[in-house]
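Hi there,

Here is the structure I promised to pass on to you. Please open it first, and then read my notes below alongside it.

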Amino acid sequence: MTICSPTSFSSSSSSSKAWILHGIVIGAAAAAIGAHAYFFVRRSRGFRSRVVGIIPARFASSRFPGKPLVEILGKTMIQRTWERAKLASTLDQVVVATDDEKIAECCRGFGADVIMTSESCRNGTERCNEALQKLAKKYDIVVNIQGDEPLIEPEIIDGVVKALQVSPDAVFSTAVTSLKPEDAFDPNRVKCVVDNRGYAIYFSRGLIPYNKSSEVNPKFPYLLHLGIQSYSSDFLKIYPELPPTPLQLEEDLEQLKVLENGYKMKVIKVEHDAHGVDTPEDVAKIENFMRERNLP
């Protein structure tokens with residue numbers, strides 16, 4: 001089994017399953033967080049051990065109203081996302097957080113735990129925080145699983161959790177994959193750049209880095225941000241109190257508020273072909289993707 005280090009963002013790995021679960025935990029911990037912190041994590045087996053996955057879902061999307069309830073080959077998108085999340089080995093519980101009764105009723109119908117949240121939540125992170133406060137159990141890590149990622153790999157969920165567990169200097173973790181050339185200038189496909197230790201530098205709806213030719217460099221390993229992200233519960237509680245930041249508002253990307261306030265964000269690179277569903281046109285694309293691969 002190949003073990004890749006977090007510094008190998010310039011090349012593609014052969015499989016997300018090949019290294020997410022092992023390379024993060026073992027191969028790079030000492031280099032990324034220092035030997036002292038590494039052995040601290042090894043000694044403290046309970047460090048950030050209690051994990052909940054929360055799927056924030058709202059009906060009133062400006063680009064795609066009612067998106068969580070759209071059917072993809074006979075199942076609603078929110079059900080497909082929930083079923084994939086339930087396969088992740090690191091999650092102690094999976095819940096849907098919504099402000100809409102239609103979504104809540106649908107989710108209860110297929111067996112999901114549902115937490116009702118207020119309509120005032122400005123983004124998925126704030127919805128996750130409100131849901132966390134209403135849960136009876138206490139958790140160390142919250143995974144924000146985007147409800148529009150119906151083919152999310154359980155191994156990616158486990159990967160971002162383990163990245164946060166071995167990085168005590170980070171309060172946030174997320175995942176990226178290789179950016180396809182046709183998505184380079186699509187503002188719905190968020191791009192990411194990282195440092196050589198696997199920490200996020202910046203996210204943008206535009207192509208980053210952007211060269212002088214104004215064209216895609218076929219030799220450069222551009223990165224596409226996947227919507228999944230995990231947080232330390234302690235950080236999530238203070239996130240809503242942080243004031244909006246200029247870059248966050250300009251790009252309309254909530255993760256930039258984390259970076260602009262000086263917090264560290266760990267990034268893992270995975271192989272993941274399927275896109276999320278951002279517009280009605282994406283539904284047909286993902287259905288074709290599933291048919292081509294005989295996915296249930």
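Let me start with a term: two residues are in contact when they have heavy atoms within 4.5 Å. Helices (H or I, at least four residues) and strands (E, at least two) are DSSP runs, numbered from the N terminus. Please keep in mind that this is a predicted model, in which local features need pLDDT of at least 70 and side-chain atom pairs count only at pLDDT 80 or more, while totals for chains, interfaces and linings use all residues. Residues are numbered from 1 along each chain as its sequence is written, and side-chain values use heavy atoms, with hydrogens and water left out.

Helix 11

In helix 11, the buried residues are Asp 282, Val 283, Ile 286, Glu 287, Phe 289 and Met 290. These residues lie on the same side of helix 11, because they cover an arc of only 160° around the axis; the arc is that of the directions from the helix axis to the C-beta atoms. Strand 2 (71-72) and helix 4 (77-85) are among the elements that cover these buried residues. On the face turned away from the buried side, helix 11 carries the exposed residues Glu 281, Lys 285 and Glu 292. Just after helix 11 comes Asn 294, with a positive phi of about 55°.

Salt bridges

How many salt bridges does the model have? The count comes to 17, where a salt bridge is a side-chain nitrogen of Lys or Arg within 4 Å of a carboxyl oxygen of Asp or Glu. One of them pairs Asp 278 with Arg 189, whose closest N and O atoms are 2.7 Å apart. This pair links distant parts of the chain, 89 residues apart: Asp 278 is in the loop between strand 11 (265-269) and helix 11 (280-292), and Arg 189 is in the loop between strand 7 (172-178) and strand 8 (191-194). Asp 278 and Arg 189 are both buried.

Glu 271 and Lys 269 form another salt bridge, at 3.8 Å from N to O. Glu 271 is partly exposed at 25% relative accessibility, whereas Lys 269 is buried at 5%. A further salt bridge joins Arg 293 to Glu 292, with 3.3 Å between the closest N and O atoms. Arg 293 is partly exposed at 40% and Glu 292 is exposed at 61%. There is also a network: salt bridges that share partners connect Asp 186, Arg 189, Asp 278, Asp 282 and Lys 285.

Cysteines

The disulfide count is zero. Cys 121 is buried at 13% relative accessibility, and Cys 128 is buried at 0%.

Arg 50

Last stop: Arg 50 sits in the loop between helix 3 (35-43) and strand 1 (51-57) and is partly exposed, at 41% relative accessibility. Leaving aside neighbours within four places in sequence, Arg 50 is in contact with Asp 92, Lys 138, Tyr 139, Asp 140 and Ile 141. Arg 50 and Leu 91 are 41 residues apart in sequence, and their C-alpha atoms are 7.9 Å apart in space.

Enjoy exploring!

Technical notes: A disulfide is a pair of cysteine sulfur atoms within 2.5 Å. Buried means under 20% relative accessible area, exposed over 50%, partly exposed in between (1.4 Å probe, protein chains only).
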